Amino acid sequence: MVPKYPDAEVSLRLGRKCQPGLQCFVNRPRSYQYLRAIHREALSKYDTITMGEILGVSDEQDVWETVCANSGMLMMNFIFDAIDIDVSNVRMKLKLWDVKEMKSIITGWQRGAKLIALMQTTLGGTIFVYQGEEAGMRNIPASWPIEGLNDIETLNYWKKCIDLYTNDEEQVESGCKIINVKAREHSKNPMQWSERGNSGFCDPGMKGNDPEDLSVWQFGNEQFVTKEQVDVLVDGHSHQPSPQDHNIYAHLGTSQNCEKWLVVLNYSGLEIEWTIPSGTEMNF
């Protein structure tokens, strides 16, 4: 007998052929049971580091339950709150955000290219270098023709734009802007192994971007070394001294032996005078 699958709740406009159905198949009631079985029967038999992806879960307790010391499931998880900061009810739609919103996400989990590298390497936890981050790889240029992109989500979205808005130039242009910001090709662009054509690959599947500024890679390497040498950057407790500031992301890390590091990051692009808030204890 073929099981009967439930319909997804209507969360987008009526009349759409499809609705998001994550609640029907992601993080279902038996997910923990399956994870514990995988750990018991396979993962626990080897000296491994286990890593999972937490999709569609924003409740902190639910996430911690999978990685706490006695969970019998996983050691670490990727969460997607920061990646989804510009996602509204659908992925291929632009949503504005500011530094204060980003700070609220990072605080909840306590976890330009050099600026982001500095933030990543000074927050506590284990760093996962993903898809060219260490080289500061940029998005593909907006000048590249959409017809040359190859991700199925991009192609389907572009076909939908053309079909729905054939005679609406403004809507088509809006679709182009969304693809330029959110297309998955940005993270699928070939890692730049050399300055030769196609980033050094014979057939990378898509055109390679122009070479990056090597100073970003050099800066990142210096930060990785610093993180290895400073305990507070690995397992220190992090506190934000100015959580309401819309331009500055500052965090104060304190280690178990009371060593402190204050990191101040200016995301505004402007020269700003910032004063250490009263009540923040620092020894210089």
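**Close-up views of a predicted model**

View 1. The structure holds zero disulfides (a disulfide being a pair of cysteine sulfur atoms within 2.5 Å). This is a predicted model, in which local features need pLDDT of at least 70 and side-chain atom pairs count only at pLDDT 80 or more, while totals for chains, interfaces and linings use all residues. Residues are numbered from 1 along each chain as its sequence is written, and side-chain values use heavy atoms, with hydrogens and water left out. Cys161 is in no disulfide, and the nearest cysteine sulfur is that of Cys176. The two sulfurs are 7.7 Å apart, too far for a bond. Cys161 has 4% relative accessibility and therefore counts as buried (under 20% relative accessible area; exposed is over 50%, partly exposed in between; 1.4 Å probe, protein chains only). Cys176, at 24%, counts as partly exposed.

**View 2. Strands E1 and E2.** Strands (E, at least two residues) and helices (H or I, at least four) are DSSP runs, numbered from the N terminus. Strand E1 (residues 51-54) pairs with E2 in the parallel sense over four bridges; pairing requires that DSSP finds at least two bridges between two strands. Met51 stands opposite Met76 in E2. In a regular strand the side chains alternate between the two faces of the sheet.

**View 3. Leu22 in helix H1.** Leu22 lies in helix H1 (residues 22-25). With a relative accessible area of 38%, Leu22 is partly exposed.
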